[in-house]
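Please open the model in your viewer and keep the selection panel at hand. The stops below are meant to be taken in order.

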Amino acid sequence: MLEVGYLSLSSPVAVVLPWHGRKSGFGGLFLLESFDLDRTSLEEIEEALRDQRGGLGDSRDTGKDKAAPLGFSIRSSEDDGPIMDAARMAGKNLYLLEIDFSDEDDPERMKGLVSKIKSCGATLSIRVKPEILQDGMVAELGRAGLDIIHLDLIGMNGVGPKIVKKTADAIGPKIMAMGDVGDFEDAKALLAMGADMISLPSPEPGVAKRLSDQVSKYDDQSGWYNCPKHICSGGDLRGLAFCCPPVKHCPVLGALKKAGFTPESFVQKKLAFAKGTPLEKGDGTCFGSLVWCCKITKPCYLRDAALRRYGISGKEYIRLKKDLAENLLRP
Ligand code: SF4
Ligand code: SF4
């Protein structure tokens, strides 16, 4: 379902566990946390990871299928040497390395570390409290090669989706959101604003599997598990895939500015993407091409008639819009 660096996740639901804790469970990714490099040796970390590996399955698990990707979350004081050793070990074993900056307030150290770690090939996540993210920083971390920004949104009830949207609109790394997620609707609120993954800290047994199954079913039915809202309904910039040509005064103009498009370049990029794809067609729709059409959840008999005429299913239409959104926002 999701590729991040060298990790291949069958579900966007990640499980965060204390490293000396439970040794079984289900999720798309397991992250063992709270390794303090000032007190824990690399050998101890490797042993803890090996120890956990056997018991952790992926989200489709029936008790015996393949192991999910594994990662570990570290902290360290001023000395970057042990962090670099951990990065090399992560890269060699294809683990996700996470640096936990949630109790730190040193953006400069964070930026410097990202470039250094990425040069040794590890797939990297940085965990942060959103308040330390200064303007422009998410994009900068993305340019430095950061794979995942792990937003710690615990206790931020209500504002979590807005923070995710702001982070997504910066067009940087993939977003993993750790929020107060109790059910599928909570997860969907974060995914719809641009979260690529949801992380659950020490979930009750069965919760991660249930959520994984629900997200997977939703993806299977809809074609896009984290489909955005329309821009005019408060969606993140991926919602530009559903926008019409910018011919009237509406929120698309602000979104284009944020994404670095002029109205003309936006029209050109959308038309160039559509050329030769099923989205190019659209006789009878408002703008003559499905590339300008709205979300499938917005009732429209004109679009639906066009989809029927061309034999395009609703799911295929949404998958094409997902490809379009990725193409539009690719740096
Ligand atoms: S272009 Fe259409 S979909 Fe986009 S913000 Fe404007 S009215 Fe909404
Ligand atoms: S035809 Fe329907 S789906 Fe397409 S742009 Fe017009 S209102 Fe939206």
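How many bridges join strand E9 to E10, and do they run parallel or antiparallel? Select residues 123–128 for E9 and 148–152 for E10: four bridges join the two strands, which run parallel. Strands are DSSP runs of at least two residues, numbered from the N terminus, and two of them pair if DSSP finds at least two bridges between them.

This is a predicted model, where local features need pLDDT of at least 70, side-chain atom pairs count only at pLDDT 80 or more, and totals for chains, interfaces and linings use all residues. Residues are numbered from 1 along each chain as its sequence is written, while chains are lettered from A and ligands numbered from 1 in the order in which they are written.

Stay on E10 and show side chains. Ile148, His150 and Asp152 point one way, Ile149 and Leu151 the other, and all are buried (20 or more other C-beta atoms within 10 Å of the residue's own, C-beta atoms being placed from the backbone). Opposite Ile148 stands Ser125.

Next, select Leu97. Among its contacts beyond four places in sequence are Gly71, Phe72, Ile117 and Leu124; contact means C-beta atoms, placed from the backbone, within 7 Å.

Finally, go to the ligands, taking as near any residue whose C-beta atom, placed from the backbone, lies within 6 Å. Around ligand 1 are residues including His230, Cys232, Cys243, Cys244 and Cys250. Ligand 2 has around it, among others, Cys244, Cys286, Trp292, Cys293, Cys294, Cys300 and Arg303.

Conventions: Contact = placed C-beta atoms within 7 Å. Buried ≥ 20, exposed ≤ 12 C-beta atoms within 10 Å, placed from the backbone.
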